[in-house]
Amino acid sequence: MASISRTLTPKLQPLQYNNQRSQQTLNPSNPISNSYQTKILESKLVSLLDTSNNLNQSKQIHAHIIRKGLDQCCYVITKLIRVLTVKFNFPVDPYPIRLFQQVKRPNPFLFTALIRGYVMQGSLMDSVGMYSLMRRHGIGPVSFTFTGLLKGCGGVGGGGLGVQIHGQVVKFGGFESDLYVGNTLIDMYVRCELLGSARKVFDEMPERDAISWTSLIVAYARQGSMEEAGELFDGMPVKDMVAWTTMVMGFSQNGKPREALECFDRMLEARVETDEVTLASVISACAQLGATKYAKWVQDVADRAGLGATDNIVIGSALINMYAKCGCIEEARNVFDKMKNKNVYSYSSLILGLAMHGCAQEAISLFEKMLKTDIKPNKVTFLGVLSACCHAGLVQEGQNFFAAMEKEHGVARTVDHYTCIVDLLGRAGLVNDAYDIIKTMPMPPHAGVWGALLGACRIHGNPDIAEIAASHLFELEPNAIGNYILLSNTYASARKWNEVSRIRALFRSKGLKKNPASSWVEGEKGVIHEFFAGDMNHPRTSEIKRELEDLVCKLMLDGYTPVLSCVPYDVSDDEKKRILLGHSEKLALAYGLLVDCGIIRIMKNVRICEDCHVVMCGASKISGREIIVRDNTRFHHFCNGVCSCNNFW
C-alpha cells in the first residue's frame, strides 16, 4: 500500500477569490465592540445551521454568510461543511469542496471537516489525500482529524493504512494519550480483525473509559474467546449495563447458556438495570439449555422490569421461541394469546415452535389465520410451515406451500427453503426426487442441503446417493465429523463393513474426533443432570443402572426387542445390546424415573435412535409419566406408549 506521503490529493482547482463584500454596520473607532458583534453573529449563524431542516435552508444561510462577509471565517464555514456532508449527506464534490477552496487561510478544523465528509461518503483515499494536502500546507492535525481517518480505515478493513495513520498519531505526539483517539484506534483494529494490536493499544492507554473496556470485551466475545473477555470484564472498575449485556450475549451466542444465566444472575445481584437486548440474550440462553425452571424465572424478571410479553413484541416473540425450545409448547401458545400486538415475528416464532413439536396441522392453521390479517408472511414464516410439513410427512402440502411462496406471496426462495423441501422428500423416502430438486436449484446448494439428502440416505438405506452427497459435504465441510459418521452409518445399515472401516480410517487420519453423544435431564428443583453414552460417573450410578435394567425387563415382558441395527459396528449381538443400554438418553430417562419431578424432560445433542425411541414409548406406558425428548431436530412427546411424531422423524 502506498504511504500517506505519496497518496494522491483531491483535485483542487485554483479559484479567483471575490474580495468584494457587503458592508457591515460596524464602528471603526471601537474594534473591541466590532469583534464582540462578529462573534455574536458567527454564533447565530452556526445555531441557524444546526436547526436547518433541508439543503435549501442551508444554502440560504450560506448566502447570508457571504452578505455578512464571513465567507473567510473557518468556524462558520467548517460548520456549514459539516451540516452539508453529515446532516444532509451531500457529496463533498463539488459544493463543500468549493466552500473550502474559497477560504484563504484554512485551519485544522476546516480540513478535518472535509476529511470526515469524505469518510462519511466512503471515499477513504480522498480523505487521506486531504490529510496529505493539510500536512503540505504546514497545518498540524487535531484529534478529530485522526479519529475521522481511523474510522474510515475501520469501515473498509484497511488495516495497513490504519497502521500508517497510527504512525502519524505517534509522530505528532500527545495524541496517543487522547482517550477518544485511543478508543478509535481500538475500534479500527477490531474492525480490521487485528485484535492483538487492539489489545496493545488498550494496555498502553494512560486513561480508559467504559467504551475502551467494552469495545475489547465485545471483540473477544465475537471471536469466541470468552475466557479473555471474562478476564477483561472482571478487571473493569465500573461495570455498566452495556458491559454486563455484552458478557451475557457473548456466552449465549458462543453456546455457553449456563454461563450466560450465571452472569445474568450476578448482574441482577449487582442491581444493574436490564433492557430488551439483555433479556433477549438471556431468553436465548434458556432456549439453548431447554430448562423450564430458568424459563419461568426469566419471564418473571421480564415482567418485573416492565418488559413483559403482553406489551413488548420483541420479548414476547423471544419468549414464545424459548418456551417452545424448552418443550413447553402450551406455555408458548399462552404467551402468544396474551400479546396485545403481534407481528410477523410473533406468528413465525409460534409456527416454528409448533413445527418443532410435530403439531403440523396447528402450525398450518395458524399460518392460514395469519394470512387473514394485515401481516404478510416472510422467509422465516415459510421455513416454519415447510418444517411442519417435513416433520409430519405432509409431502403434497409442503410442495404446495413451496410453490406458493413466490407466485402468491412474493417471497423469494432461499437455499434454506430448498433444504426444507429436500428434507421433506427425503424423509418421506423420495430420495431420488430430493436429489432431482438439488440438481435444478437456481443457487449453489450449501452443506445444509447435502446434509438433508445424506440424512435421508441414512434413514432409507441408499448408499449410492449417500456417496454423492458426502463427496460434496467433504468439500464444503472437510472437518465436520458428523458427515463422515452419517456416511459410515449408511454403509453400516447396508452391512458394507469394509466401507465403514475406510470412512472411519479417513476421518481418523484427519485428526477428527467424534463429539460424544450426551443428554441432560431436569431433576429435582430444576437442577440439570448431564449424561454421556456409556458414562457411569453419576453419584447415583448404581440406582440408575438398576432402574434401567428393571425397565428393560418390564419392556421385554411387554414385547420389546432391542433394535440392534442402531449400532453401526460389526460386533456381536450381546455387545450391541450392551452399547444400546448405555445410550445417554436411556441413562437420563432412568434418572428421571428415579426422581419425582413430574414430566421427564430430556435434551439430546444428536438425533434420537430408533431403539431409544421404542424404549421411551414403552417407558411412558409402564410408568404413566409423560416424557418429552428434544433431539437436534425436533421434540418427541411420549404419552401412554405413543409418540407425537407418529414414528415419523
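This is a short talk on the overall form of one predicted chain and on a few of its local features.

Before I start, please keep in mind that this is a predicted model, in which local features need pLDDT of at least 70 and side-chain atom pairs count only at pLDDT 80 or more, while totals for chains, interfaces and linings use all residues. Residues are numbered from 1 along each chain as its sequence is written, and side-chain values use heavy atoms, with hydrogens and water left out.

Let me begin with the whole chain. It has 32 helices and six strands, where helices (H or I, at least four residues) and strands (E, at least two) are DSSP runs numbered from the N terminus. The radius of gyration, taken over C-alpha atoms, is 33 Å, well over the 26 Å that the globule rule gives for 649 residues, so the chain is more spread out than a compact globule; that rule is 2.2 Å times the number of residues to the power 0.38. Along the principal axes, the C-alpha atoms fill a box of roughly 115 × 55 × 50 Å. Of the 649 residues, 50% count as buried, and here buried means under 20% relative accessible area, exposed means over 50%, and partly exposed lies in between, with a 1.4 Å probe and protein chains only.

Now let us turn to the strands. Strand β4, residues 627-630, pairs with β5 in the antiparallel sense over four bridges, and two strands pair if DSSP finds at least two bridges between them. A hairpin of four residues joins β4 to β5, and arginine 630 stands opposite phenylalanine 635 in β5. Strand β5, residues 635-639, is mostly covered, since four of its five residues are buried. On to the next strand: β5 and β6, the latter being residues 642-643, pair in the antiparallel sense over two bridges, and phenylalanine 638 has cysteine 643 in β6 as its bridge partner. These two strands form a hairpin with two residues between them, and asparagine 640 in the turn has a positive phi of about 55 degrees.

What does serine 620 touch, leaving aside its neighbours within four places in sequence? Serine 620 lies in helix α32, residues 610-623, and is buried, with a relative accessible area of 1%. Its contacts (heavy atoms within 4.5 Å) include Phe638, Cys639 and Asn640, and also among them are Arg625 and Ile627.

Finally, phenylalanine 144 lies in helix α7, residues 143-156, and counts as partly exposed because its relative accessibility is 38%.
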